[in-house]
Amino acid sequence: MIARVLVDVKAKKVDKMYDYLIPDKYLGLLKVGSRVVVPFNHRQVMGYCLEISTKSEYKDKLKSISRIFDIEPYLNEELISLAKDLSYETGYLLLSVLETILPAALKVMYKPKIKLLDKANLNKKLVDLFKEETEVLLDNIDEKLLDVILEEIKKNHLKQVYEIKKRNKPITKRYAKLLVESKTELTDKQTLVFNYLNKRKTKSDIINIIIHKLNITVSVLKTMEKHGYIKIYEKEVYRDVSTYFKGENKIIELNPEQKLALDKIRNNYGKSNTMLLHGVTGSGKTEIYIKAIEEVIEKNQSVILLVPEISLTPMMISRFKSKFRDNVATIHSGLSSMEKYDEWRRIIRGEAKIVIGARSACFAPLKNIGLMIVDESHETSYKQNENLPYYAIDILKRRAKNHDSLLILGSATPNIESYARVSRNHYELISLKARALNSKMPEIKVVNMLEEFKSGNKKDMSQALIDGIQKRLDKDEQVILLINRRGYANFMICRECGHVYKCKNCDISLTYHKHSNSLKCHYCSYELAIPKQCEQCGSENLEFMGSGTQKIQDELTETFPDASIFRMDTDTTRKKYAHEKLLHSFQESGDILIGTQMIAKGLDFPRVTLVGIIQADGNLFVPDFRAPEKTFQLIMQVSGRSGRRDELGEVIIQAYNPDHYAIRYAYENDYIGFYEHEMRLRRIARYAPFYFLIELTITGASINKVMIYGINIVKEIRRELNETSIILGPSSEVRKIKNRFSTTILVKYKEEPNIIEIVREVLKKYENRDVLIRVDRFPGVG
């Protein structure tokens with residue numbers, strides 16, 4: 001039998017499968033998706049067995065697999081096929097795609113070792129080193145001997161090899177299991193153990209727990225084992241992935257509108273259809289998800305539920321775990337690498353049939369998937385922009401076809417493209433127009449900050465917002481404030497010459513962070529101490545401009561000194577469980593929560609009755625055709641956090657451009673009006689959904705080389721496309737990030753059946769060590 005193996009070497013030349021003989025001892029043991037160790041180019045490397053065949057097209061003598069790393073595979077054939085497709089479409093190495101899919105703990109460690117080949121002729125300085133062993137770890141060798149070792153390697157007396165070690169380590173605990181049915185002839189302490197274990201369903205428990213609860217020593221258990229009363233054994237356990245939020249398994253009673261929605265969903269079970277669940281904020285979409293999941297699980301099928309933010313995952317997990325218990329697994333970046341590894345194993349072993357998580361959970365290795373749900377499906381966080389560019393919803397659509405399963409996209413503000421697919425009968429629409437608990441939509445007020453500034457208020461908060469906060473504090477209610485920018489001030493400027501401090505590695509202004517009293521780059525983490533005078537003209541007239549979450553927090557503390565204020569942004573949520581702890585503390589004792597867009601969706605706090613949006617138009621004029629849509633969605637989503645129970649909520653929107661259509665339609669709570677307005681503009685500008693888009697990003701250390709490559713690539717692509725297609729670029733707006741320059745080429749097309757092949761030819765011809773080309777099939781989504 002032949003194993004086709006992808007080796008763990010990141011190079012274009014070896015980005016393919018190599019044939020290896022499967023030794024007789026591994027026949028029946030080796031499975032597709034398992035990791036193996038194979039000889040490759042005079043050394044041993046790890047590889048992934050992606051296929052098993054009976055014959056090979058390779059004519060020379062095949063090498064054999066050295067050893068198996070896994071008895072149980074961590075990849076299934078569906079994920080392998082999906083990885084191959086993504087590699088083909090994006091030009092990324094298949095190995096890189098697999099590393100994106102799999103938990104990081106499954107990457108192996110290569111430890112260099114020096115192996116003795118010729119002891120008789122070995123340099124005398126090294127004799128003691130190899131006195132007892134023929135292989136020595138390089139880390140354990142004195143640096144003074146390295147020159148000698150190098151010379152001996154050249155003489156073929158020594159050889160450098162690698163020890164391949166696993167990162168993934170299952171953990172085990174010692175258990176005690178009761179073997180007898182009566183407690184005759186037991187001592188008092190042994191009787192305690194008998195009574196304790198006998199009451200347990202499994203008749204067993206962890207030894208440390210037994211000792212702690214019964215206040216006994218381990219010798220009591222050893223004596224009982226010696227007499228055959230109990231059995232002591234090792235058992236693998238999973239790392240605990242619990243949350244601070246304690247969910248309640250409430251009985252869900254759906255209202256008539258929710259029941260109608262669930263009936264429509266039932267009619268699509270077993271079909272690879274996509275349904276758009278368009279429900280206003282607070283309309284009870286989660287209750288519908290729970291009911292639908294319950295029905296699918298009863299059919300012995302599995303479910304994927306995606307949520308957009310790590311901050312939402314704990315609240316969602318606690319609710320679903322209270323209902324479905326150990327049938328729920330979670331995958332998101334807030335878990336440690338080993339916790340992800342444990343959850344991945346639970347899923348692939350079939351021990352958990354419901355997977356809840358952020359973007360990467362779309363790759364969960366489930367079998368027989370019956371339902372996939374994307375909550376807040378409009379969110380840009382479902383798109384990965386770093387490394388392999390993939391869109392989680394696109395991945396789920398592919399998997400829906402593989403499993404004949406239903407995909408539900410839930411949102412109060414669906415993407416323009418998603419809603420357009422409803423009108424073209426590609427998606428089926430389900431509408432929820434009322435809030436579930438008979439609560440009313442919040443009252444919305446727009447404050448023109450230009451008028452506020454003219455009236456003499458130079459603060460970031462309008463008088464209406466300050467008065468609204470005070471009113472809520474007096475009534476012991478809660479407030480959420482959104483400003484979609486972290487840090488204290490956006491940039492530092494010299495008032496004399498206009499010089500703005502920028503990152504030395506990136507063409508980006510540095511953000512002031514007050515807690516560290518420094519200027520920081522949010523792209524490469526470069527940090528600069530606050531200068532006392534301008535580096536250009538020497539003036540001391542330096543000033544911070546703009547506002548971020550830290551500055552607003554300071555203003556709130558000054559204005560409301562007795563209020564309990566919490567700030568939620570990347571800076572306050574870096575540590576593990578920081579999201580959960582912060583949200584739990586706010587729920588229990590907080591008055592005001594200020595944060596970036598991570599607080600805008602999915603959070604359900606009954607006492608929140610006021611939402612304030614500071615600088616609502618802050619991202620309206622960035623060079624992104626989706627900017628108005630993203631602004632509209634953000635305003636609508638954060639507005640939905642207000643008044644979700646009996647008390648009427650209020651939303652105060654602060655903007656310098658209050659008449660912009662994105663803000664106007666948000667104020668009027670008119671999604672359809674915004675959709676129709678945006679569709680007219682996109683038809684004229686020839687953007688999605690009227691055209692498909694592919695973006696090529698060309699990156700390199702030389703700006704000249706990047707632009708020359710860009711011009712040549714445009715010429716190459718233009719020759720291959722039909723006349724209706726449009727090519728924009730290379731963009732003259734060259735960005736510098738981490739000392740590398742990049743420009744973009746945007747291809748708009750309606751029908752180009754060979755577009756992937758055309759792009760692949762470009763990659764083959766132009767991509768090299770100096771210039772990287774990134775292919776994005778969903779530009780602007782993330």
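The largest cavity in this structure has a volume of about 70 Å³. A cavity here is a set of points, on a 1 Å grid over the protein atoms alone, where a 1.4 Å probe fits but cannot get out; its volume is the space filled by probe spheres set on the points, which are joined across faces, edges and corners. The model is predicted, with local features needing pLDDT of at least 70 and side-chain atom pairs pLDDT 80 or more, while totals for chains, interfaces and linings use all residues. Residues are numbered from 1 along each chain as its sequence is written, and side-chain values use heavy atoms, without hydrogens and water.

Helix H1 (77–90) and strand S36 (771–776) each supply at least two of the lining residues; helices are DSSP runs of H or I of at least four residues, and strands are runs of E of at least two. The largest share, three residues, comes from H1.

Next, select Met449, Asp460, Ile614, Gln615, Asp617, Gln654, Ala655 and Tyr656, which line the second largest cavity. About 50 Å³ of space lies there. The structure holds three cavities of 30 Å³ or more.

Finally, select phenylalanine 741, in strand S35 (residues 740–749). Beyond residues up to four places away in sequence, its contacts include Ile698, Val706, Val734 and Arg735, a contact being heavy atoms within 4.5 Å. The C-alpha atoms of phenylalanine 741 and valine 771 are separated by 9.8 Å.

Technical notes
1 Å grid on protein atoms, 1.4 Å probe; cavity = no way out; pocket = protein on both sides within 12 Å on 5 of 7 lines; lining within 4 Å.
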